[in-house]
Amino acid sequence: SPASLRSPTQTRHIKNPRRSVTVSKTEPPTEMKLLSRLILLLSITASADARRTPGSSLTSIPRQRAAFVKSKSDGNAAWANGAKEVRGGEGGGTATMANEMFNMVKAVLGVGVLSLPAGIAAFGDNPTAAIPAAILIAVIGAIAAYNFSLLGRLCAITGATSYRGAWEKSVGESTAWIPGSSCVIKTFFAILAYSMVLGDTFSALFTTFGYSVSRQTALIGLTITVILPLCLLKNLSSLAPFSLAGIAGMLYTAVAMAVRYFDGSYAMVSYEVDKYASADSSFAMDVAESLRPSIGTKGASAVFSSNAFILICMLSTAYMAHFNAPKFYIELKDNTIARWNTVVYTSYSLAILVFIGIAVMGFATFGGASNGLILNNYSTKDSLMGFSRVAVAFALVFTYPLAFVGCRDGLLEMMKVPEEERTDAKLNNLTFFILATVTAVALKITDLSFIMAFGGATLGNALIYVYPAIMFKNAVKNMGEDATKAQKLEVYLAMTFAAIGIGMGCIGTKQALGL
């Protein structure tokens, strides 16, 4: 019930306003040790799991036999085999279901989840607003999971091994640049978000250690000394294990945020004269006034405001991993549709739970003051959340080059640059150009929630809802009489989600731009 979410600004009235307010803060001495051991255990388990998972590279995708092969000699798009082949299971993948689930959750749990409390704050400022927000997170996550599964089934139908390949084999090669360019631009938004988070995080970490370093200085220094050398590496296989620390960092962050909410470390107390003061035990006064808890009256009913579309579009970015769906499907051992669906829906269910945990705990703690990067709301003197910053920063630094190479290589593919012409000099020059552009934009734009909302409203909705529906509709059409009645009916469902995605995108873009 709404009452179950207590306000972090719950007041305690004190009869003597001149009497100093002192509330002892007792923090269990084993708190940091237990949580540190948790993240260490998760990291070790993840690394061991990754070493057992073959074919983790995007370029090492096993060959997949098409269930339906479009005949180039037949202008009417005749398709070879029967509908029964859509069951899948013909691939040469070797990844177990457990491997796939772990890697899929890791792919979905990016930095976007850290902006979701601000998405709730876009329409509400009372903890009860978290209730409809949690429902939205679950519903949007379920639709995203359906379309992720749909992309795998498209690979079973067409034999495609990539997002663009699925478009080429279902819609046509002449328009394949549309999803191809969308993936590249969306990857650009991803590394832009990485740079923004790294600038904020390292600036806060320097403050924790007693050094005053601006966000701009931290970002430029980190880019030149760490990010650029890593992006210039020609072989990134050694960095793959570090990306597994990301999921452990996000799990630790969720636990730490819950601890801080329930122990009241950021609660505000007041005198009877309604003049706010901070208890000695509170970290609230250690942060800027704009970042302190702000609880108002806009609760659950505020979700009917058009501003709720900001959260919805941010979720389209947060759940975005769909351009990798073909890779996951092809790498799954014995990739029958039943096994594939089990992997997808289990992975997304776990991700939804983490999303709800971070979004609700962050918003319930800070209300309308929730920042676009929720870690900014926490005090630099808070060691528990300081370790969370370290975990997130560590993961982002070493996963940055992996995302960056995806953007750079995708751009080269869009420009149709042959492999033999991709010399070291050309790759290095393009690396300098892209990284300089990303850094310049990250220095100018400081609101992560805007990037998440705008990117989700435009490219996120297209890649998750619109493109898969178009591909599926054309694939079923090309199957002709071999298409089952269920597949023909499912086209209407997919196109309905596409229409919803377009509607959410239009309204979300307007709200994100403040028009």
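Figure 1. Val-139 is partly exposed, its relative accessible area being 43%. The structure shown is a predicted model. Val-139 is placed in helix 4, which covers residues 130-158. Together with Ile-131 and Ile-135, Val-139 makes a nonpolar surface patch of about 240 Å².

**Figure 2. Overview of the chain.** The chain contains 16 helices and 2 strands. Of its 515 residues, 54% count as buried. The accessible surface of the chain is about 22100 Å², and carbon and sulfur atoms contribute 62% of this area.

**Figure 3. Tyr-319 in the largest nonpolar core.** In soluble globular proteins, nonpolar side chains tend to be buried together. The largest nonpolar core of this model has 140 residues, and the members that touch the most others are Tyr-319, Phe-355 and Tyr-400. Beyond its neighbours within four places in sequence, Tyr-319 is in contact with Val-108, Ile-137, Ile-140, Gly-141 and Ala-144, as well as with Tyr-348, Ile-352, Phe-355 and Ile-464.

**Figure 4. An aromatic cluster that includes Tyr-319.** One aromatic cluster is formed by Phe-148, Tyr-319, Phe-328, Tyr-329, Trp-340, Tyr-348 and Phe-355.

**Figure 5. The aromatic pair of Tyr-252 and Phe-387.** The whole structure holds 16 aromatic pairs. In the pair of Tyr-252 and Phe-387, the ring centres are 5.1 Å apart and the planes stand at 85°, so the arrangement is edge-to-face. Because Tyr-252 lies in helix 9 (residues 245-262) and Phe-387 in helix 13 (residues 383-414), the pair ties together parts that are 135 residues apart in sequence. Tyr-252 is buried, with a relative accessible area of 1%, whereas Phe-387 is partly exposed at 26%.

**Figure 6. The aromatic pair of Tyr-261 and Phe-262.** Tyr-261 and Phe-262 also form an edge-to-face pair, with 4.9 Å from centre to centre and 75° between the planes. Tyr-261 is buried, with a relative accessible area of 4%. Phe-262 has a relative accessibility of 57% and therefore counts as exposed, the cut-off for this class being over 50%.

Key
Residues are numbered from 1 along each chain as its sequence is written. This is a predicted model: local features need pLDDT of at least 70, side-chain atom pairs count only at pLDDT 80 or more; totals for chains, interfaces and linings use all residues. Side-chain values use heavy atoms; hydrogens and water are left out. Patches are made of residues with over 30% relative accessible area and no salt bridge: like charges are joined within 9 Å, nonpolar side chains (Val, Leu, Ile, Met, Phe, Trp, Tyr) within 5 Å. Accessible areas come from the Shrake-Rupley method with a 1.4 Å probe; for residues, only the protein chains shown count as cover. A salt bridge is a side-chain nitrogen of Lys or Arg within 4 Å of a carboxyl oxygen of Asp or Glu. Helices (H or I, at least four residues) and strands (E, at least two) are DSSP runs, numbered from the N terminus. Buried means under 20% relative accessible area, exposed over 50%, partly exposed in between (1.4 Å probe, protein chains only). A nonpolar core is a set of buried Ala, Val, Leu, Ile, Met, Phe, Trp, Tyr and Cys residues joined through side-chain atoms within 4.5 Å. Contact means heavy atoms within 4.5 Å. Rings of Phe, Tyr and Trp (its six-membered ring) pair if their centres lie within 6.5 Å; planes under 30 degrees apart count as stacked, over 60 as edge-to-face and the rest as tilted.
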